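Work through these exercises with the model open beside you. Try each task before you read its solution.

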Amino acid sequence: MNKKQKITLLSGVVFMLFAFADWAVQGFHLFTHERILVQIPQSDINKMLGQPPRYNWVNHFALGLDYTLSAAAVIIIISAILFFLFKTRKAI
Amino acid sequence: MLKIAVNIPCILFLFSITILSQGLESNASGTKTFSFYDKQQKNQMTFTSITALDEVDGTSNDVSGQISFDFNNIASTLKGKISITTSSLRTGIDKRDKDLMESKWLDAGKYPVISYIIDSVTAVKKISENKLELDVIGTFNLHGENKEIPVQATITYLKENSMTEKREPGDLIGVSANFKIALTDFGVDNMILGTRVANNISIGVNIVGTDKF
């Protein structure tokens, strides 16, 4: 394994770790969400009527395992291609 | 001994009358009807499915319906129906919402409404002057199937005042209820049921109704 191949391998692993870390930070969702539920401030009258807090959908991209695995697969393919291209060719 | 045995049914009868005839303290008399139709869609129904793989939280803000009861005797007079439109269910993922409406799930085209009809009240507990906790038996209709479901609900009554007017005109009633249903009881049986979507769904209903509609 030459230096370029080592850098390719290391970069691939780092990118994959970033992708999985991002997925973990965004809530370990199985599927990518386009909207998330956000609790809205409760009015006094609703409290008096015994109503629990209400939730609203807001547009928010939350990365899921589906997109994370797709990104990981793309990283593996690109790394494999580069790894092959950077192979040291022996002179005939 | 025989005298005591004879009196037991009478004591039980009086006890049940006392428990079930608890009402909300109000100047109102006779039967009153409250509507939950809400143009601003402030009323909300929530549902949650939890499996080892995924948690799905969903809502519907298209809640409507009416309940009516006599203030002095809620237990034997409470009647009503609460509905939501099937197409109003949202889960935060457009593709999943679309799937939910299809025939393999809730079939919104064929069964456009999900409803709960109150059949009877089995217990009433007074929490405060304007708040009651009720154990209700009713018929839940989903996917064209009916099933009797017990529901524990809390009813809070507020007479019209300057504060209630900010929300809606009229006397207001707040209803909070939680219950569980099993999808297979309603003919919803899908390949991924139990893995990505739970069979047992927790439902929460938080709605406010007015007597001026």
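Predicted model: local features only at pLDDT ≥ 70, side-chain atom pairs only at ≥ 80, totals over all residues.

**Exercise 1. The make-up of chain B**

Task: How many helices and strands does chain B have, and in which order do they come?

Solution: 
- Count the elements. Chain B has four helices and 10 strands.
- Read along the sequence. The pattern is α-β-β-β-β-α-β-α-β-β-β-α-β-β.
- Look at burial. Chain B has 213 residues, and 47% of them count as buried.
- Look at contacts. Take those in chain B with a separation of 6 or more; 62% of them join residues 24 or more positions apart.

**Exercise 2. The nonpolar cores**

Task: Which residues have the most contacts inside the largest nonpolar core?

Solution: 
- Find the core. The largest one has 48 residues.
- List partners of B:Phe140. Leave aside its neighbours within four places in sequence. Its contacts then include B:Ile114, B:Tyr116, B:Ile149, B:Phe179, B:Ile181, B:Phe186 and B:Ile203. B:Glu145 and B:Lys147 are also among them.
- Look for another core. A second, separate one has five residues, including A:Ile45, B:Leu158, B:Leu172 and B:Val208.
- Link this to a general rule. In soluble globular proteins, nonpolar side chains tend to be buried together.

**Exercise 3. The sides of a helix**

Solution: 
- Describe the helix. In chain A, α3 runs over residues 65–85 and has 21 residues. From first C-alpha to last, α3(A) reaches 30 Å, close to the 30 Å expected.
- Name the buried residues. They include A:Thr68, A:Ala72, A:Ile75 and A:Ser79.
- Use the angle. These four cover an arc of only 60° around the axis, so they lie on the same side of α3(A).
- Recall the geometry. An α-helix has 3.6 residues a turn, so residues three or four places apart point the same way.
- The face away from the buried side carries the exposed residues A:Ile77 and A:Phe84.
- Find the cover. α1 (3–25) of chain A is among the parts that cover the buried residues of α3(A).

**Exercise 4. Where the chains meet**

Task: Which three residues supply 29% of the area that chain A buries against chain B?

Solution: 
- Size the contact. Chain A and chain B bury about 2100 Å² between them, with 57% of it on carbon and sulfur atoms.
- Name the three. A:Leu49, A:Arg54 and A:Trp57 supply that 29%, more than any other three residues.
- Count the residues. Chain A gives 18 and chain B gives 30.
- Follow A:Leu49. This residue lies in the loop between α2 (44–48) and β2 (54–62) of chain A. At a relative accessible area of 1%, A:Leu49 is buried. Its contacts include B:Thr156, B:Leu158, B:Leu172 and B:Val208.
- Look for charges. One salt bridge is found across this interface.
- Identify the pair. A:Arg35 pairs with B:Asp94, and their closest N and O atoms are 2.0 Å apart.

**Exercise 5. A salt bridge within chain B**

Task: Which residue forms a salt bridge with B:Asp171?

Solution: 
- Name the partner. B:Lys159 does, with closest N and O atoms 3.7 Å apart.
- B:Asp171 lies in the loop between α4 (164–167) and β9 (172–182), and B:Lys159 in the loop between β8 and α4, so the pair ties together parts 12 residues apart in sequence.
- B:Asp171 is buried at 6% relative accessibility. B:Lys159 is partly exposed at 41%.
- Widen the view. Salt bridges with shared partners join B:Lys32, B:Lys159, B:Asp171 and B:Asp211 into one network.

Note on methods:
Residues numbered from 1 in each chain as written. Chains lettered and ligands numbered in written order. Heavy atoms only, no water. Core = buried A, V, L, I, M, F, W, Y, C linked by side-chain atoms within 4.5 Å. Buried < 20%, exposed > 50% of the residue type's maximum accessible area, 1.4 Å probe, protein only. Contact = heavy atoms within 4.5 Å. Helix = DSSP H or I, 4+ residues; strand = E, 2+ residues; numbered from the N terminus. Expected span 1.5 Å × (residues − 1). Arc of directions from axis to C-beta. Buried area = accessible area lost by both parts, 1.4 Å probe. Salt bridge = Lys/Arg side-chain N within 4 Å of Asp/Glu carboxyl O.
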